[in-house]
Amino acid sequence: MTSLTTTPTVDSAPQSIDAPTLKAWEENHDDLMIVDVRSGAEFDALHILGSYHVPLAMLSEHAEEFAAKMGTRVVLVCQSGNRAEQARKHLDAVGLASASVLSGGVPAYAAAGGNVVRGRGPWALERQVRMTAGSLVLAGVLGSKFISPKLGLLAGGIGAGLTFSAATNSCAMGKALSAMPWNRSANEPTAHQALQTLSARA
């Protein structure tokens with residue numbers, strides 16, 4: 001657990017914190033800003049009370065604008081920490097080095113007894129990626145046996161894609177799935193709306 005004696009500043013912010021630390025920061029720091037970078041449907045299904053919704057694709061495209069609206073105690077959250085880490089790198093690249101990532105994501109925070117808002121929504125994006133990749137590999141293996149050996153290339157292609165995703169900490173499949181209708185929300189903000197919300201907080 002990260003000690004409260006190492007509270008983040010512009011120059012020294014922990015890149016990762018755990019759920020108990022985030023709960024302690026909520027109780028002790030009024031300048032805390034929690035930014036959720038998941039899809040709209042995931043945010044609707046479960047999010048931290050008081051968090052701001054800025055989907056990863058939106059933050060990536062407008063990183064400099066969002067960085068200008070954020071304070072010096074920013075915690076980025078997603079489902080597991082992977083997308084939040086990507087968001088942290090985008091913000092760091094435009095000069096905001098004080099953002100931290102919540103390890104274990106929103107589920108870890110909820111499991112630790114944090115204040116969350118629950119709704120209804122689709123599977124988490126990481127679970128959708130596992131299901132899609134697994135289904136394609138299975139289809140490739142079965143297809144190569146019963147239809148054409150060439151279909152075995154599908155399984156190999158998925159394996160190569162997953163290896164590349166792990167090596168680069170990115171996920172093209174996840175990005176594609178996040179744009180699907182079932183992962184969109186009627187309440188998902190535009191970039192202008194998200195920036196206005198952060199401006200009101202600041």
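Author: The model is a predicted one, with a mean pLDDT of 84 for the protein, and 87% of its residues reach 70 or more. The exception to keep in mind is the stretch of residues 1-11, where the pLDDT is below 50, although this stretch has 26 contacts in the model beyond near neighbours in sequence. Where pLDDT is low, the predicted coordinates should not be read in detail.

As for the setting, the protein has 10 helices and seven strands, and buried residues make up 43% of its 202 residues. Among the contacts in the protein with a separation of 6 or more, 69% are between residues 24 or more positions apart.

The part to examine is the pair formed by helix α7, which covers residues 125-146, and helix α8, which covers residues 152-168; their axes lie 6 Å apart and meet at an angle of about 150°. Because angles over 145 degrees count as roughly antiparallel, α7 is roughly antiparallel to α8. The crossing in which α7 passes α8 is left-handed.

On the α7 side, the residues that take part are Ala133, Leu136, Val137, Gly140, Val141 and Ser144, and they meet Gly152, Leu154, Ala155, Ile158 and Leu162 of α8. Sorted by class, this contact of α7 with α8 consists of eight nonpolar and three polar residues, with no charged residues.

Key
Residues numbered from 1 in each chain as written. Predicted model: local features only at pLDDT ≥ 70, side-chain atom pairs only at ≥ 80, totals over all residues. Heavy atoms only, no water. Axes fitted to C-alpha atoms, helices over the stretch in contact; angles between N-to-C directions. Helix = DSSP H or I, 4+ residues; strand = E, 2+ residues; numbered from the N terminus. Parallel < 35°, antiparallel > 145°, perpendicular 65-115°, else oblique. Left-handed = near helix turned anticlockwise from the far one by under 90°. Contact = heavy atoms within 4.5 Å. Nonpolar A, V, L, I, M, F, W, Y, C, P; charged D, E, K, R; others polar. pLDDT = per-residue confidence, 0-100. Buried < 20%, exposed > 50% of the residue type's maximum accessible area, 1.4 Å probe, protein only.
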